[in-house]
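Open the model in your viewer and have a selection tool ready. The stops below can be taken in order.

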Amino acid sequence: MSKSLEFLTEALRRLPGVGPKSAQRMAFHLLQHDREGAAQLSRALYQAVDTVHHCAMCNTFSDTEVCDLCADEQRDRALLCIVETPADQMMIEQTLTWRGLYFVLMGRLSPLDGIGPKDLHLDKLVARAADGVVQEVVLATNFTNEGEATAHYISEMLKARGLKVSRLARGVPVGGELEYVDAGTIARAMLDRRSA
Ligand SMILES: [Zn+2]
């Protein structure tokens, strides 16, 4: 087999959930049927790896030091909503109920997977929440075991620093991931948020 093809197949295996067989299928497909797509993919990857960083304020992916949302003067800087992923942030944005800013954890506490407070950069979150401007922090992590544990941990940490902390209300089903819950339910849960 071609060395380059082998190299490509190995690289594709780095994607989550892709085993040797599917990596090989993808490589064959790109080289046989979609060379233009392959070139586009390689340019996009190269560019993204080079330019995408974490926003200095909210930690989400951004091409600029501070993302557009954090830079928006219309947002209420006294309110900070904590979510697990950029997808969750987008879900809350769609509800049009939140006028504050966000902090994106880029994950959740998961001792079984070896993800502890250090891996989530919670020190960055504490520094962000304790900037003296933030008045209320809303925990909008998922209603899964890990999401709940993460919310609890962060809540204790921030309350110890005198911050007002609330949690999305129970409109979101137990075990529910925000990404898959409809906007109306999330909007309701945001409006009915309760003290954590
Ligand atoms: Zn940001």
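Start with the donor residues of the zinc ion, which follow the spacing C-x2-C-x8-C-x2-C in sequence; note that this is a predicted model. Select C55, C58, C67 and C70 and show their side chains: the SG atom of each is a donor, and these atoms lie 2.3 to 2.4 Å from the zinc ion. What geometry does the site of the zinc ion have? The angles among the four donor atoms run from 104 to 117°, and the site is tetrahedral.

Next, go to the largest pocket, which has a volume of about 280 Å³. To outline this pocket, select its lining: S4, F7, L8, A11, L12, L15, L30, A38, L41, S42 and L45. Which element gives the largest share of the lining? That is α1, with five residues. Now colour the lining by residue class: nine residues are nonpolar, two are polar and none is charged.

The last stop is strand β6, residues 164-167, where S166 is found. Is S166 buried or exposed? S166 counts as buried because its relative accessibility is 4%, and the cut-off for buried is under 20%. To see what surrounds S166, select its contacts beyond the neighbours within four places in sequence: E136, V137, V138 and L139, together with R193, R194, S195 and A196.

Terms used:
Residues are numbered from 1 along each chain as its sequence is written. This is a predicted model: local features need pLDDT of at least 70, side-chain atom pairs count only at pLDDT 80 or more; totals for chains, interfaces and linings use all residues. Side-chain values use heavy atoms; hydrogens and water are left out. Donors are N, O and S atoms within 2.8 Å of the metal (3.2 Å for Na, K and Ca); water is not among the atoms, so sites may look incomplete. Four donors count as tetrahedral if all angles lie between 85 and 135 degrees; four count as square planar and six as octahedral if opposite donors are over 155 degrees apart and all others between 65 and 115; anything else is irregular. On a 1 Å grid over the protein atoms alone, a cavity is a set of points where a 1.4 Å probe fits but cannot get out, and a pocket is an open set with protein on both sides within 12 Å along at least five of seven lines; lining residues have an atom within 4 Å of a point. Grid points are joined across faces, edges and corners, and a volume is the space filled by probe spheres set on the points. Helices (H or I, at least four residues) and strands (E, at least two) are DSSP runs, numbered from the N terminus. Ala, Val, Leu, Ile, Met, Phe, Trp, Tyr, Cys and Pro count as nonpolar, Asp, Glu, Lys and Arg as charged, and the others, Gly among them, as polar. Buried means under 20% relative accessible area, exposed over 50%, partly exposed in between (1.4 Å probe, protein chains only). Contact means heavy atoms within 4.5 Å.
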